Amino acid sequence: MNYQSYFKSISIKNKIFATMIIIVFVLITVIAYFANTISQKAIIDKAVNNSLRELVLINNNIATLVTSVEDYSKMLATDYRLQEVLYNDMSMKKPEGGLESLITSKKISEIISNFVEPNTKVKAASVLSSRMQWADVGYANNNYATHIFGSQPVAMELANNNKPIWTGLVPFKFRYDSSESNVFAVSKAVVHKELGSTIGMVALYVKESVIAAIYENSLNYQGGEFYILDDSQRIISSRNKSLLHKDFTDKTSISLPNLDEGEMSFILGKEEEKLLVSTQRFEPLNWTIISVIPLEVITMENKEIYQLIIRTGMLCLVFALGISFFLSRSITKPLLILASTMRKIRNGQMNVRSTYKSTDEIGHLSDGFNSLMDRIEALVAKNAEEERTKGEIEFKLLQSQVKPHFLYNTVETIISLIKLNMKSEAIAAAKYMANFYNISLSRGNDVISIREEMKLTESYLEIQQLRYVEYMDYKMDIDEDIMRYATPKLMLQPIVENAIYHGLKRKKEKGSLHIVGYQQKGHIIIEVLDNGVGMDKQQIEQLLEPTVEDKRNVSFGARSVNRRIKMLYGDRFGLEVESVFGSYTKVIIHLPLKEL
């Protein structure tokens, strides 16, 4: 008897069982061979992801710190008391009695005390008059300030007087300290609110240790290290302070690729000296955040994972052997019946069901198949309903994001105004916030009158104008005859927010926002026009209908409003966008004349 005849004489049950024994042996061998490589790659990938997430978190925390310091410099520069002192100093023909006078120094000290430790993370502040005279107040050493900013500070130049200017890491000595400290200095020109002329400059000093505190306890791996580099690849922040101001490559022997690519991770070195290096660009200041982790530390747990993979693989394969032995005797015929039913369904007979009945596993499979086909028919019917509710879900999510975010920012603004003794502005902000939340709650109603929506939007704009007085003005012209009609709640706020943050705030000079509402051809038209930076054709398309790869980078506020309007009133209504890059953006909202 030859081997071919012998194999044909073996039952299907024994063929399956013998085949599974061979598969078991091969799989165990393959798993044993590749487990180490696979698990090591998984561990490294996990470490890469963790490292990048840590860098993103650090990046966000640094961005928050930088923004708050810049906001402090803007608030200090616009403080009416400081502007009065600097204007009077500029107007004096003689320097006597200027910034160096005791009364003036005391007044300036009281002003800057609200913006430095312990109230903020700013160590000290300096004030420079238009006569290039430093006020002798606070903890800042004026000799060092003069050395840093020179005789003609960059911040006081016309092109830069509307934005804070950051220096790199510089040595600085504070009063009452015996040694120099490493600081970042932020300067902002003081522009007279009425005259529009530069009357001085303020400077805030942030210690490098404040930046370092953000990441000092972040690394999950012992032996790892963080660095922050400037655009010349010099170390401007590190746990090891002796490395500050030094070239990163010279001190670490790590050669970095093109850092303009932003976020990336790579492995350097050989054998046991390999390092996992991850980088993240901090674009506002052209910094690069770097984490360096020895690869040996990352792969220490590889051995345990290797053993776990082997044990799990063996258990799975033993289980597969048992299943194949018990099912091989009865699996063929029922499967053929089920396969025949599936072929009929594939040919379009969707109402056909399996006729095989049994209490064994194949019988359950047959019943499950029939139930699955029934559910598919039901799910097709439900799909349309789920699509209709999707827009409403996005709107609820938008509400849940707007309210806490807006509340936090408004409370921070009120606190800042109180600290600046701007009590009337603080009271006004609190009233506008209360009005905003009173209308936005609306006893749970998702549809309100246009009058209420405009009051809600006006409250939001008044608060934003307190925060961004240098960036925006606004005007609302709404016809009275459309005020009684209905509109989805929070329909206008996301559009206005986009106009401020993505249009006006990115503009170098102060911009304006104009909201117009009127009735035209049986429709309600509401236009939101800003003279900000505008958008190109691709950005306009992404705003309302982003592609799959762009959705995570595009705010869904405008898209959600558009979807909700169409869901409530039909495809004839929704948003329309006009824009010229670098000039303006106009969002046109089309609503029906629907009574509330």
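This is a predicted model: local features need pLDDT of at least 70, side-chain atom pairs count only at pLDDT 80 or more; totals for chains, interfaces and linings use all residues.

Tutor: Let us begin with Asn-59, which lies in helix 2 (residues 12–77), where helices (H or I, at least four residues) and strands (E, at least two) are DSSP runs numbered from the N terminus. Residues are numbered from 1 along each chain as its sequence is written, and side-chain values use heavy atoms, with hydrogens and water left out.

Student: OK, so is Asn-59 buried or exposed?

Tutor: Asn-59 counts as buried, because its relative accessibility is 10%, and buried means under 20% relative accessible area, exposed over 50% and partly exposed in between (1.4 Å probe, protein chains only).

Student: And what does Asn-59 touch, not counting residues up to four places away in sequence?

Tutor: With those left out, Asn-59 touches Gln-280, Arg-281, Phe-282 and Ile-289, where contact means heavy atoms within 4.5 Å.

Student: Zooming out, how many helices and strands does the chain have?

Tutor: The secondary structure comes to 16 helices and 16 strands, and buried residues make up 43% of the 596 residues in the chain. If you take the contacts between residues at least 6 apart in sequence, 64% of them join residues at least 24 apart.

Student: Which residues are buried in helix 4?

Tutor: In helix 4 (residues 102–112), the buried ones are Thr-104, Ser-105, Ile-108, Ile-111 and Ile-112. They sit on the same side of helix 4 because they cover an arc of only 120 degrees around the axis, the arc being that of the directions from the helix axis to the C-beta atoms. Leu-102, Ile-103 and Lys-106, on the other side of helix 4, are exposed.

Student: Why do residues three or four places apart point the same way?

Tutor: An α-helix has 3.6 residues a turn, so residues at that spacing point the same way.

Student: How do helix 3 and helix 4 cross?

Tutor: The axes of helix 3 (residues 80–91) and helix 4 come within 10 Å and cross at roughly 150 degrees; axes here are lines fitted to C-alpha atoms, for helices over the stretch in contact, and angles run from 0 to 180 degrees between N-to-C directions. Helix 3 and helix 4 are therefore roughly antiparallel to each other, since angles over 145 degrees count as roughly antiparallel, under 35 as roughly parallel, 65 to 115 as roughly perpendicular and the rest as oblique.

Student: And which residues of helix 3 and helix 4 meet?

Tutor: Arg-81, Leu-82 and Val-85 in helix 3 meet Thr-104, Lys-107, Ile-108 and Ile-111 in helix 4. By class, that contact has 4 nonpolar, 1 polar and 2 charged residues, where Ala, Val, Leu, Ile, Met, Phe, Trp, Tyr, Cys and Pro count as nonpolar, Asp, Glu, Lys and Arg as charged, and the others, Gly among them, as polar.

Student: Moving along, where is Lys-121?

Tutor: Lys-121 is in the loop between helix 4 and strand 1, and at 54% relative accessibility Lys-121 counts as exposed. Leaving aside neighbours within four places in sequence, Lys-121 is in contact with Leu-65, Val-206 and Val-210. From Lys-121 to Leu-65 there are 56 residues in sequence, and the C-alpha to C-alpha separation is 8.5 Å.

Student: Where is Pro-118, then?

Tutor: Pro-118 is also placed in the loop between helix 4 and strand 1 (124–129), and a cis peptide bond, with omega about 5 degrees, joins Glu-117 and Pro-118.

Student: What about phi of Asn-421?

Tutor: Phi of Asn-421 is near 60 degrees, which is a positive value in a residue other than glycine. Asn-421 lies in the loop between helix 11 (361–419) and helix 12 (423–441), and at 44% relative accessibility Asn-421 counts as partly exposed.

Student: Last one: where is Pro-488, and what does Pro-488 touch?

Tutor: Pro-488 is found in strand 12 (residues 486–488), and Pro-488 is buried, with a relative accessible area of 2%. Not counting residues up to four places away in sequence, Pro-488 touches several residues, among them Asp-446, Val-447, Glu-453 and Arg-564.
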